[in-house]
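Subject: Handing over a model, with notes on what was found

Dear colleague,

I am passing on the structure below, and would be grateful if you could read the notes that follow with the coordinates open beside them.

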Amino acid sequence: MKLRPLLLAAFLAAAPVTVLVPMAQAEPAVYTGRFSNTALQGYDPVAYFTDGQPVKGSKEFSTEYKDATFQFASAANRDAFLADPAAYAPQYGGYCAWAMADGKYAKGDAKYWKIVDGKLYLNYNAGIQKKWNADIPGFIEKADTQWQDLQE
């Protein structure tokens with residue numbers, strides 16, 4: 001055996017074994033996806049309340065909130081959001097409300113939404129939204145508790 005590989009093998013055998021495990025990181029306060037910083041997949045959060053449907057926002061009318069970029073369909077919607085972000089931002093940071101009831105972070109899809117008691121909730125997909133619709137008050141109660149615990 002050559003000297004260089006032998007020395008390397010001896011060094012590795014004597015060195016303490018270190019396992020590289022990624023450190024657990026808290027999820028961002030607002031769901032944006034892995035490759036974007038845009039909340040609600042670019043949909044205007046105010047439009048859910050004013051238009052009763054998801055409306056794509058524009059980079060021209062955007063603002064930062066909780067380290068995420070929110071986009072709006074108009075300057076008026078952006079200004080309404082800036083006046084009271086908590087009134088328009090999706091609950092649980094835009095994560096799926098049904099998953100949050102179980103204490104889990106899952107993508108919230110801006111196309112699967114519901115306003116309940118003046119608050120915007122998102123779900124992962126149509127199937128999950130159907131499950132969530134079966135007991136909205138119960139899931140909200142559980143998710144509120146889970147979200148509070150996860151934010152501490």
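Leaving aside neighbours within four places in sequence, Thr69 is in contact (heavy atoms within 4.5 Å) with Asn37, Thr38, Ala39, Ser62, Thr63 and Glu64. Thr69 lies in strand S2 and is buried, its relative accessible area being 15%, where buried means under 20% relative accessible area, exposed means over 50%, and partly exposed is what lies in between, with a 1.4 Å probe and protein chains only.

Before going further, please keep in mind that this is a predicted model, in which local features need pLDDT of at least 70 and side-chain atom pairs count only at pLDDT 80 or more, while totals for chains, interfaces and linings use all residues. Residues are numbered from 1 along each chain as its sequence is written, and side-chain values use heavy atoms, with hydrogens and water left out.

As to the overall layout, the chain has seven helices and four strands, taken as DSSP runs (H or I of at least four residues for helices, E of at least two for strands) and numbered from the N terminus. Along the sequence these elements follow the pattern α-α-β-β-α-α-α-β-β-α-α. Of the 152 residues in the chain, 36% are buried, and among contacts between residues at least 6 apart in sequence, 54% join residues at least 24 apart. The accessible surface of the chain is about 9,600 Å², with 56% of it belonging to carbon and sulfur atoms; the areas come from the Shrake-Rupley method with a 1.4 Å probe, and for residues only the protein chains shown count as cover.

Next, the nonpolar cores, by which I mean sets of buried Ala, Val, Leu, Ile, Met, Phe, Trp, Tyr and Cys residues joined through side-chain atoms within 4.5 Å. The largest of them has 17 residues, and those with the most contacts inside it are Leu40, Tyr48, Phe70, Phe72 and Phe81. Two or more residues of this core come from each of H2, strand S1 (58-65), strand S2 (68-72) and strand S4 (119-123), with S2 giving the largest share, three residues. The core also draws at least three residues from each of domain 1 (30-86) and domain 2 (90-151), the domain bounds being those of an automatic or database domain assignment. Apart from this core lies another, of 14 residues, among them Tyr95, Ala97, Val116 and Trp147.

Beyond its neighbours within four places in sequence, Tyr48 is in contact with Leu40, Tyr43, Gln53, Pro54, Ala110, Trp113, Ile115 and Leu120.

The whole structure holds 13 aromatic pairs, a pair being two rings of Phe, Tyr or Trp (its six-membered ring) with centres within 6.5 Å, called stacked if the planes are under 30 degrees apart, edge-to-face if over 60, and tilted for the rest. One of them joins Tyr48 and Trp113 edge-to-face, at 5.0 Å centre to centre and 65° between the planes. Because Tyr48 lies in helix H2 (residues 45-50) and Trp113 in strand S3 (residues 109-116), this pair ties together parts that are 65 residues apart in sequence. Trp113, at 22% relative accessibility, counts as partly exposed.

The rings of Tyr105 and Trp147 also pair edge-to-face, with centres 6.3 Å apart and planes at 70°. Tyr105 lies in the loop between helix H5 (97-100) and S3, and Trp147 in helix H7 (residues 136-151), so that this pair ties together parts 42 residues apart in sequence. Tyr105 is partly exposed at 28% relative accessibility, whereas Trp147 is buried at 17%.

Charges over rings are counted if NZ of Lys or CZ of Arg is within 6 Å of the ring centre and within 35 degrees of the ring normal. Lys56 lies over the face of Tyr43, at 4.6 Å from the ring centre, and the charged end of Lys107 sits over the ring of Tyr124, 5.7 Å from its centre.

Finally, two backbone angles. Most residues other than glycine have a negative phi. Leu40, however, has a positive phi of about 55°; this residue is in the loop between helix H1 (3-14) and H2 and is buried, with a relative accessible area of 4%. Tyr92 likewise has a positive phi of about 55°, is found in the loop between helix H4 (85-88) and H5, and counts as buried at 4% relative accessibility.

With best regards
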